[in-house]
Amino acid sequence: MRGVHSESEKETYDVIVIGAGIGGLSTAALLAKAGKSVLLVERHDRPGGYAHGFRRRNYHFDAGVHLVSGCGPEGYNNGSTIHKISRAVGMDPESVFIPIQSYARAVYPDFEVPLRAGETAFVTGLSEPFPREKDNLLALIRLCKTLAEEAMLAEEVLEQCKTSRVSPAKLLGNLFRYRRTTLAEALDEFLIDERLKSACAALWPYLGLPPSQLSFLYWASMMAGYTYEGGYYCRGSFQAYANRLAAAIEAQGGEVLLNASVRRIIVDQGKARGIILENGQLIRAETVVSNIDARQTAELLIGREHLPKTYCEGLQKLTPSLSIFAAYIATDLPIVKQAQSHESFFYESFDHETGYALTKNGRSNWFSATLPSLADPSLAPKGQHIMLLTTLCPFDIGASWRQAKAEFEQILLEKAERHFPCLNDHLLLVESGSPRTLERYTLNQSGAAYGFAPTPEQIGPNRPDVRGALPGLYHTGHWTRPGGGVAGVSVSAQLAAQAILGIPSQEAFWKHVGVNV
């Protein structure tokens, strides 16, 4: 990539994208493919955002992303977004992504269940200890698929209903019915055994909220993704995917500018008209896309004086998600692939509500362990593995993270030792990242892991739109619709690109960028 320049090559573009997270990269790549002249500006020395990777000696680590869905051609109607984006920008998805059949497992004291891709495999794995609930579990996961399909059509249907007499509630009946439902309420509707409910909700850390606070709709989309589209790891780490998206932008004549910070978004006669870099370069564009923190975009890059008062007040009412603490480990501990999943969630209790309360206080009673080298042995030398130990974590723990990091790291290592005996005798490298680390590299407020927390009150129309508060301003990434995670921000990229190009139909949009659906 040409990201060594301190200034952009041109002073005028059709589109400027601020921030090279997967949402920004995907939006820029799609628009470049559609014929727009695109500049992508990133303050870090590499693209990727939370999906960036780093190397320590002979080990390749992912900073934050462990697993994604939507990378294959199969799934549910209007899904497979990452697969479509990859094809649109000239990538071969099969050469980039590795399918993971047993993508996760939930481990409790004296109890363990697998989470597998495929409807039958998912239901069989979870219901084996609870045979009487098999039919209800099947009904639940099929409802997830229906909700995911409706969610993918929601923006298009709502836009169409503005000019027709058809009620969106009629076309999106399930979505409207469950729009205010929490995951806990949905589990109570379908399941009886509390242990099964807990196991079914085991992936709540991927979305950052416990069942009582988490939007059922957003959880349903995630579970439909992993169940019907499958789980995938990126060959060579997710940095490789970010690099390929950046290369695709440049291959279409766009520019990727790294190590460059934006000082200001230019507002001229009430419209977003370009940016000013920290080095003072002024760059004009008819369209500006922000892939960064929504509040920073409003308050630091634009200024409240240029924005509607109600918009700024609305942003202040939204609650960001928790952050994460991660320990990156290299080990020569013998690990048998057949005995492990790509990621394991270890819970000390079936009670996720208490677990979340402890997590908010910085005393988490759970953690996850990811073993990406099982899927891709190239990440570590032969006979060795990399492991990521992760837990959600608040930004403010009443102490400096410089002092607290070592203690948090040690706690995670002690927890891991219980499930991977002798791990601490086989450590080759240990490095940790705290919420302060996430904030420093991405400028996300308090290191928020998923943008605004996906409560029922903060999804769908209640979440900031990809269309910004000013003409010419757009948003992509986890602060806008639909929400966090690589799959979510990839959908936001599709929605933003559609809005910028003025193509309301998904089918027409994909055809416009060369993908037949």
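Visitor: Is Glu 348 buried, exposed or partly exposed?

Guide: In this predicted model, Glu 348 is partly exposed, with a relative accessible area of 41%.

Visitor: And which residue does Glu 348 form a salt bridge with?

Guide: The partner of Glu 348 is Lys 415, and the closest N and O atoms of the pair are 3.2 Å apart. This pair links distant parts of the chain, since Lys 415 belongs to helix H15 (residues 401-419) while Glu 348 sits in the loop between strand S14 (343-347) and helix H14 (352-360), 67 residues apart.

Visitor: Lys 415, then: buried or exposed?

Guide: Lys 415 is buried, with a relative accessible area of 10%, and it counts as buried because that value falls under the 20% cut-off.

Visitor: How many salt bridges are there in total?

Guide: The count comes to 19 salt bridges. Among them is the one between Glu 431 and Arg 56, whose closest N and O atoms are 2.8 Å apart. Here too distant parts of the chain are linked, with Glu 431 in strand S17 (residues 427-433) and Arg 56 in strand S3 (residues 53-56), 375 residues apart.

Visitor: What about the exposure of those two, Glu 431 and Arg 56?

Guide: Glu 431 is partly exposed at a relative accessible area of 27%, and Arg 56 is likewise partly exposed, at 29%.

Visitor: What does Glu 299 pair with?

Guide: The side chain of Glu 299 meets that of Arg 304 in a salt bridge, at 3.4 Å from N to O. Arg 304 counts as partly exposed at 44% relative accessibility, and Glu 299 is partly exposed with a relative accessible area of 35%.

Visitor: Which residues are linked in a network of salt bridges?

Guide: A network of salt bridges links Glu 155, Asp 465, Arg 467 and Arg 481. One of these residues, Asp 465, is also touched by His 475.

Visitor: Where is His 475 found?

Guide: His 475 lies in strand S18 (residues 473-475) and is buried, with a relative accessible area of 5%. Not counting residues up to four places away in sequence, its contacts include Val 289, Ser 290, Thr 297, Tyr 311, Val 466 and Ala 496.

Visitor: Switching to the core: which residues have the most contacts inside the largest nonpolar one?

Guide: That core has 130 residues, and those with the most contacts inside it are Tyr 103, Leu 203, Phe 216, Trp 219 and Tyr 241. Apart from it lies another core, of 28 residues, which includes Ile 265, Ile 275, Ala 285 and Phe 452.

Visitor: What is Tyr 103 in contact with?

Guide: Leaving aside neighbours within four places in sequence, Tyr 103 is in contact with a set of residues that includes Leu 67, Leu 115, Phe 122, Leu 203, Met 223, Tyr 226 and His 342.

Visitor: How do strands S6 and S7 run?

Guide: Strand S6 (residues 102-108) and strand S7 (residues 111-116) run antiparallel and are joined by six bridges, with Val 107 having Glu 112 in S7 as its bridge partner. The two strands form a hairpin with two residues between them, and Asp 110 in the turn has a positive phi of about 65°.

Visitor: And overall, how many helices and strands?

Guide: The protein has 18 helices and 18 strands. Its radius of gyration is 22 Å, close to the 24 Å that the globule rule gives for 517 residues, so the protein is as compact as a globular protein of that length. Of the 517 residues, 59% count as buried.

Terms used:
Residues are numbered from 1 along each chain as its sequence is written. This is a predicted model: local features need pLDDT of at least 70, side-chain atom pairs count only at pLDDT 80 or more; totals for chains, interfaces and linings use all residues. Side-chain values use heavy atoms; hydrogens and water are left out. A nonpolar core is a set of buried Ala, Val, Leu, Ile, Met, Phe, Trp, Tyr and Cys residues joined through side-chain atoms within 4.5 Å. Buried means under 20% relative accessible area, exposed over 50%, partly exposed in between (1.4 Å probe, protein chains only). Contact means heavy atoms within 4.5 Å. A salt bridge is a side-chain nitrogen of Lys or Arg within 4 Å of a carboxyl oxygen of Asp or Glu. Helices (H or I, at least four residues) and strands (E, at least two) are DSSP runs, numbered from the N terminus. Two strands pair if DSSP finds at least two bridges between them. The radius of gyration is taken over C-alpha atoms; the globule rule is 2.2 Å times the number of residues to the power 0.38.
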